[in-house]
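Reader: I would like to go through the strands of this model step by step. Could you take me through how they pair?

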Amino acid sequence: MIRHIYDREAMLGSSMMRRRNLVRAGGIGAGLAVVTTAVLTTSSVAVWAGGVVVAAGTTVATNLLVKAADHVRRSPSLLTASVETVATDYIVIPDSERGTTDLVPESGHVVRVTVQTSSAGAVVLSNAVPEIVSRQVIDPGAARMPRQGVIDVRPFDLRLDKRRPKLKPSGAWDFPFKITSTDPEVLSIRAHTVGHDVQWRLTLHWIGPDGGTGEMIIGAAGVDSDPFRTAGLPRGA
């Protein structure tokens, strides 16, 4: 019996709180609508009612936006990725500040990205967007070092000298791709540059089985790692 009384009081208190919030919302909306009444000469009752509607609509819209943002934030990454750089040649670039040299894959090398998912349902790779981290004119003392390599699965070309580089499919396929726990996707990206030393990353955009979206940033050592690096000697060098 006591519990029922407490439950009833709690319900009454909750009801009174909702009424107070509605009155407060109506008051706020009415305050905004007063300016309109000076021109339209609307009755005070209509102003208060309009204020309630405006405030309630604003509250609903805000709640929807918050829920949408939460949905995006609550979509954990469903993907894993491994990276292999396949280079036919390297460029030896001297670093005068450190007194060392760097071996950088030459323009035309292939970046192979294997994307997998542990999700029970299929995940759609909706896009992959390259991002330039840095681009500078290659050191005049750079030289080529030949090295044998292998190639591809799903080949793409990437022109790093463009202002906004994009992946260009080398065959009849393009995004989106669908992957499952037993069917990964392998992207072979052949990166090109002329006369530059470029650092860059790749952002994979995905859509989960429940419609949630996310992205994964890939670098030379995999997810969230240091950027890829590609160098190309000037033409005729």
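Reader: In which sense do strand S4 and strand S10 pair, and over how many bridges?

Author: Strand S4 (residues 110–117) and strand S10 (residues 185–192) pair in the antiparallel sense over 6 bridges, where two strands pair if DSSP finds at least two bridges between them, and strands are DSSP runs (E, at least two residues) numbered from the N terminus. Within this pair, the bridge partner of Val-111 is Ile-189 in S10. Please keep in mind that this is a predicted model, in which local features need pLDDT of at least 70, side-chain atom pairs count only at pLDDT 80 or more, and totals for chains, interfaces and linings use all residues. Residues are numbered from 1 along each chain as its sequence is written, and side-chain values use heavy atoms, with hydrogens and water left out.

Reader: What is the strand order in the open sheet of 5 strands?

Author: The order is S1-S4-S10-S7-S8, with mixed pairing. Strand S1 (79–86) and strand S8 (167–169) each have a single partner strand, so they stand at the edges and one side of each is left without a neighbour in the sheet.

Reader: Changing topic, which strand does S5 pair with?

Author: Strand S5 (residues 123–137) pairs with strand S11 (residues 196–207) in the antiparallel sense over 12 bridges, and there Val-129 has Thr-203 of S11 as its bridge partner.

Reader: And how many bridges join S11 to S12?

Author: S11 and strand S12 (residues 213–219) run antiparallel and are joined by 6 bridges, with Ile-207 opposite Thr-213 in S12. Their hairpin has 5 residues between the strands, and in it Gly-211 takes a positive phi near 90°.

How values were computed:
Helix = DSSP H or I, 4+ residues; strand = E, 2+ residues; numbered from the N terminus.
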